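Thanks for coming. I will go through one model this morning, starting with confidence and then turning to two local features.

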Amino acid sequence: TGVVERLVDPLIHLVRNAVYHGIESPADRLAKGKTAAGTVYLHAAHRGNSIIVEVEDDGAGLDYDRIRAKAVTLGLVRADQAARLSEVETLKFIFAPGFSTAEKIGEQAGRGVGLDAVNQVIERMGGHIDVESVQGVGTKFTLVLPLTLLIATALLVRTGEERYAIPLPGIREITMPTVTTLQQTGDRTVLQLAEEAIEVHALRHLLHRQRGEVNPALPVVIVRTAAGPAGLAVDELLGRQEIVIKTLGALKPLEDSAFGGATVDPEGRVILVIDPARLLARRPGMAPAVEPSSPAANPVAGRSDTGTDPEEQGQAGILLIDDSLSIRKFVGRMLESAGYQVETAVDGEDGLRKASAANYRLIITDLEMPKFNGFEVVQALRSRPQTRQTPVVVMTTRAGDKHRQMTLQMGANAHIPKPVDEQTLINEVRRWVGQAPAIRH
């Protein structure tokens with residue numbers, strides 16, 4: 001898309017700078033206790049109303065004193081003022097035209113050369129750049145772009161008189177059910193596909209939070225959700241179309257809606273973009289698995305102060321989600337030694353599946369995982385009534401204040417840095433679920 005094409009040059013520049021001017025020589029890295037080979041991380045995600053792209057290296061970091069000195073040399077600031085500048089204020093200079101602290105400036109440029117051009121591209125796209133750097137530890141550039149720039153291919157559908165868009169990445173397949181494949185089981189409608197049974201809902205019923213039977217003559221769009229596939233019966237399929245998704249902003253009526261944005265079709269009509277995860281979380285008749293006054297709905301009330309075993313309360317123990325086998329064993333052993341019952345999940349998808357099958361007293365999740373990362377896991381947990389009140393602790397190597405704030409804003413209750421300190425972990429667990437019954441006196 002046009003967005004990707006406009007990001008190519010800025011990303012190439014940031015990665016090239018990280019490789020040529022951020023990463024130290026093998027000898028220097030070994031002397032600092034680092035691995036001989038450096039690492040550059042490139043990560044992109046959709047968070048809230050923004051697209052986040054991160055370029056991070058574990059190199060030498062920016063030299064704030066050299067930046068201040070160069071700013072004085074270029075006449076950007078007086079020497080007495082430069083000495084009083086904070087690190088955040090100092091970082092602003094690296095986006096000045098032609099600014100560099102590198103001794104040699106060649107094709108690869110010094111750390112900072114060309115950053116003015118990078119910044120201009122991002123600002124023209126309506127975004128901004130954040131920079132974090134710790135000397136001897138590394139540097140991270142975070143590009144924050146508004147969701148209005150999200151271009152996606154979507155399936156347009158009609159239900160009643162209204163048209164809606166469903167982004168294609170969230171669609172698994174489209175099918176026409178038959179009387180034999182679509183079955184009514186109690187108050188649920190189930191579509192039988194090979195050996196798989198998928199619950200189907202009429203889209204118009206979901207949007208209006210109504211109950212009702214599904215017309216077997218309607219086409220069914222099978223969408224992907226954190227809890228697994230689900231079917232949406234629509235009145236008509238209108239075809240695929242590339243759309244620009246606009247954010248809904250702060251429109252109060254749509255705050256708790258099933259829509260992730262809106263687009264405008266070639267005829268000028270506004271079409272709301274459906275977020276399947278939010279749509280299914282609003283199913284009619286859905287309520288928390290327990291009453292709000294019960295232990296599972298209240299993290300503090302859920303503590304085992306009475307010594308009642310969690311299984312007797314209808315809850316499992318602690319769910320640990322991490323794609324690292326060694327972490328699962330290491331942290332799992334810590335928790336079990338403290339008397340807690342622990343179940344593990346090998347990635348975000350596995351964790352969400354297990355969280356939908358049992359009521360855990362606490363969920364601990366890593367951030368960087370395949371299939372669903374930690375941010376997506378927290379979002380999915382908070383969008384589902386069953387886990388909306390379950391305490392969630394994020395455990396990650398990304399220990400900076402920015403990541404801590406981001407995880408808390410996403411709905412996590414706490415943030416623990418890796419490598420994990422056993423006492424810190426146990427204290428945090430006790431804070432949310434209380435003392436383990438197995439070690440009570």
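This is a predicted model: local features need pLDDT of at least 70, side-chain atom pairs count only at pLDDT 80 or more; totals for chains, interfaces and linings use all residues.

For the protein chain, the mean pLDDT is 79, with 81% of residues at 70 or more.

Next, helix 13. The 12 residues of helix 13 (residues 422-433) should span 16 Å at 1.5 Å a residue, and the end C-alpha atoms are 16 Å apart, which agrees. Which residues of helix 13 are buried? They are Leu425, Ile426, Glu428, Val429, Trp432 and Val433. Viewed down the axis of helix 13, these buried residues fall within an arc of 160°, so they line one face of the helix. As a reminder, an α-helix has 3.6 residues a turn, so residues three or four places apart point the same way. Just after helix 13 comes glycine 434, with a positive phi of about 85°.

Last, the aromatics. The structure holds 1 aromatic pair. The ring centres of tyrosine 164 and phenylalanine 259 are 5.9 Å apart and the planes are at 5°, so the pair is stacked. Tyrosine 164 sits in strand 6 (residues 162-167) and phenylalanine 259 in strand 14 (residues 259-264), so the pair ties together parts 95 residues apart in sequence. Both tyrosine 164 and phenylalanine 259 are buried.

Terms used. Residues are numbered from 1 along each chain as its sequence is written. Side-chain values use heavy atoms; hydrogens and water are left out. Rings of Phe, Tyr and Trp (its six-membered ring) pair if their centres lie within 6.5 Å; planes under 30 degrees apart count as stacked, over 60 as edge-to-face and the rest as tilted. Helices (H or I, at least four residues) and strands (E, at least two) are DSSP runs, numbered from the N terminus. Buried means under 20% relative accessible area, exposed over 50%, partly exposed in between (1.4 Å probe, protein chains only). The expected span of a helix is 1.5 Å times one less than its number of residues. The arc is that of the directions from the helix axis to the C-beta atoms. pLDDT is the predictor's confidence in each residue, from 0 to 100.
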